[in-house]
Amino acid sequence: MISRALLMAGAGMLACSVPMMAPATAQDSTAVERPMADAAYWDASLPVEQRVADLMARMTIEEKMAQMISTWTNKAEVQGDDTFFDAAKASERYPDGIGFFTRPADQGGPGSPRVTPFRSIEDSIRYINEVQRWAREETRLGIPVLAHEESLHGFAARDATSFPQSIGLASTWDPDLVRDINDLIASEVRARGVHQVLSPVVDVARDPRWGRIEETFGEDPYLVGEMGVAAVEGLQGTGTDPQLGEGQVLATLKHMTGHGQPESGTNTGPAQISERTLREMFFPPFKQVIDRTAIASVMASYNEIDGIPSHSSTWLLHDILRDEWGYDGAVVSDYFAIEEMVSRHRIAEDIPAAAVLAMNAGVDIDFPDGASYRNLPQLLAEGRVTEAQINTAVERILTMKFNAGLFEQPFVTDMGPALQSNTEQGIALARTAAERSLVLLKNDGVLPLAMPEGGADRPTIAVIGPNADVARLGGYYGIPRNTVSPLDGIRSLVGDRANIVHAEGVRITENDDWWADEVVLADPAENRRMIAEAVEAARDADTIILFVGDTEQTSREGWAEEHLGDRTSLDLVGEQNELFDALRALDKPIVTVLVNGRPPSYPAVAEHSDAIIETWYAGEQQGNAIADALFGRVNPGGKLPVTVARNAGQLPNFYNHKPSARRGYLFSDVTPLYPFGYGLSYTQFDFGAPALSSPTIAAGEGVTVRVPVTNSGDMAGDEVVQVYLRDQISSVTRPVKELVGFQRVTLAPGETRQVDVTIRPDAFALWDRDMQRTVEPGAFTIMVGPNSQDLQEIELVVE
């Protein structure tokens, strides 16, 4: 894969200056004596199943149960005063070893890296090597520890590359790019001795009030599935071989499931979703990943479905996931979710009882620190869990470790690749990702801005707004070496050829730290004073570029009552609308740039802006990408992965609704502000009439749609050809349209291309009245176009 090859090439250039590290910072497995060195489980030539069986036969029940827990909030128990790993403390606390280690890049468990910085690359490697040295030398069987980190849109650590948030990556409609990004993420994570990541998120998100929508690939199961498959392929490698190659990590698919449409839009709320809707909308991305990749682990979700929290749902985690889909990997808990069956769901009287529920449902691993599964010895003694249950879980855990290659090489022996993270190759890929994620929502002709020529008549450009002089990264962020704000990007591109004036205009929140619990909106009186300053700064400007939206606090994961993140309104918070109105009164062209993690509904901005670009949280290179788009060096080609509602009263609002929905409202429009799949360009694309490879197919067959697409403008650009279908008559109600294929293409001015999009056979199937998957004969309408509204139709018959 391109990104890994580039990263390894860069690391090779450094290898001569950073050879094999000294034992304090890196470790050669050949220098560490292996316990029971002649045991079969050390023999890498044997099948994994045989190695697992051999090791299981040698383990005590205490050693097995130790494999099912991790450490995070209690990390201080194995650290000295310097927050470094202490092997003596670890042996005292975990005499039988430990299975997992949560986020070794942080120094002391959960908390903001602004308060307690991440470990340096060198310290991270030294730390995890010492953990593995302890596990290899000072536990009876030498079973390595499986460490995991967050990597949703980049390794959440220090000096790692930061890419656009997931909803921005979904806006690229480019699975190949998502695969390359996750390939590079895997390289950066693995280079620091970590072998598992908690990504990707394949929740289908259908409520923009939900603060976690930024972490998703949007509202459509097909798009989410394609992006999810690509992400896992980037992390673990393509194909279904579970054994990791060089620079790969174990992916974790989350969250199983229904998490993306919580009641009232509040995180972890009940998923009031029928089995049919689960099967039609929420299950498909999970099943696509399980069918097409070697996904190593699946994370259960916080929410309940029909009164049953996911972590206790035998139907969800066993009947569906294992029996129906054939998944044989591990199931991990979400952080503290087993305990929440006591504190939140109230279906267990205490934590040991919750552990029993999770074990019975098939949860193998207790994250982040094993608070529930530390009760397993007591529960086993009382007969509330069985040794057979423990054996099954540990077999899955050991399989992960063998497939990760941890028994052969748990140590980092060369810091070169790690020190090369977030350098030239990563920065270039981050910039490309940011460019391709940008969505042009409106343009009356003001964009692209002409590049100023300088001189005495140089124009004045006012760069205004709370999100102009900051590079917002979104939740689960790392700390890249450098970030480029939009203001920085514009100044760098334009130089002294224009007079760039800047004013913050308003401040959104007093603090913008995603980790901080309390969220306080900025003082309105102070904001109004700043608005007056911004108006004066922009008074003589030729063009105003206004950066508004959210901070990482105004829409985020609300993980506790004291740490909220969901919203009742979709409009701008604080005095941002007042800022827009004040600037509009100057009668200057206004280009509004949206910086946010949720699909916004800004009705005043949408109506009165001359142009609007949605940028989401576009990663460390957002400033350069946005500047290039504003001045036409990049032609925006992204498309919305979500429907943008006009207001919260329209919710839920998604394009693939049932025929009886969206009848209309009194005194309000029923249509969305922007439809799913929407995005403009600086050029013009014309679609010809679609044609089918065959007008009739048999059940179980697919079909290819061909459509000519012409760039009839005078600028090269990207278009996303989108294919939808509708079952005209069916035994159960079906959506008015469903995305079944897409392809992003780049066309030169005047170029015409015949674009072929294949519809897979399973796209024509439905869950019938007996909840059986079947293809019913009849007519289907195939629709082709640039978004979910502007479509041309052709009929297909399934015999």
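Reader: What is the handedness of the crossing of α7 and α16, and which residues of α16 make the contact?
Author: In this predicted model, α7 and α16 cross in a left-handed manner. On the α7 side the contact uses Leu-177, Asp-180, Ile-181 and Leu-184. Their partners on α16 are Gln-425, Gly-426, Leu-429, Thr-432, Ala-433 and Arg-436.

Reader: Is α7 roughly parallel or antiparallel to α16?
Author: The two helices, α7 and α16 (residues 424-437), pack at about 150 degrees, and their axes are 11 Å apart. Angles over 145 degrees count as roughly antiparallel. Therefore α7 is, relative to α16, roughly antiparallel.

Reader: How does α7 pack with α8, and what is the handedness of that crossing?
Author: Helix α7 (residues 175-190) meets helix α8 (residues 221-236) at an angle of about 35 degrees, with 7 Å between the axes. The crossing of α7 and α8 is right-handed.

Reader: How many nonpolar residues are in the contact of α7 with α8?
Author: Among the α7 residues in this contact are Val-178, Ile-185 and Ala-186, and α8 contributes residues including Met-227, Ala-230 and Leu-235. Four charged and two polar residues also take part. The nonpolar count is eight.

Reader: Which element gives the most to the lining of the largest pocket?
Author: The largest pocket has a volume of about 610 Å³, and 27 residues line it. Elements giving two or more residues to this lining are α8, α9 (275-292) and β20 (738-747). The one that gives the most, with eight residues, is α9.

Reader: Which residues lie nearest the centre of the largest pocket?
Author: By class, its lining has 12 nonpolar, three polar and 12 charged residues. Nearest the centre lie Glu-280, Pro-284, Gln-288, Asp-762 and Arg-773.

Key
Residues are numbered from 1 along each chain as its sequence is written. This is a predicted model: local features need pLDDT of at least 70, side-chain atom pairs count only at pLDDT 80 or more; totals for chains, interfaces and linings use all residues. Side-chain values use heavy atoms; hydrogens and water are left out. Axes are lines fitted to C-alpha atoms, for helices over the stretch in contact, and angles run from 0 to 180 degrees between N-to-C directions. Helices (H or I, at least four residues) and strands (E, at least two) are DSSP runs, numbered from the N terminus. A crossing is left-handed if the near helix is turned anticlockwise from the far one by less than a right angle, and right-handed if clockwise. Contact means heavy atoms within 4.5 Å. Ala, Val, Leu, Ile, Met, Phe, Trp, Tyr, Cys and Pro count as nonpolar, Asp, Glu, Lys and Arg as charged, and the others, Gly among them, as polar. On a 1 Å grid over the protein atoms alone, a cavity is a set of points where a 1.4 Å probe fits but cannot get out, and a pocket is an open set with protein on both sides within 12 Å along at least five of seven lines; lining residues have an atom within 4 Å of a point. Grid points are joined across faces, edges and corners, and a volume is the space filled by probe spheres set on the points. Angles under 35 degrees count as roughly parallel, over 145 as roughly antiparallel, 65 to 115 as roughly perpendicular and the rest as oblique.
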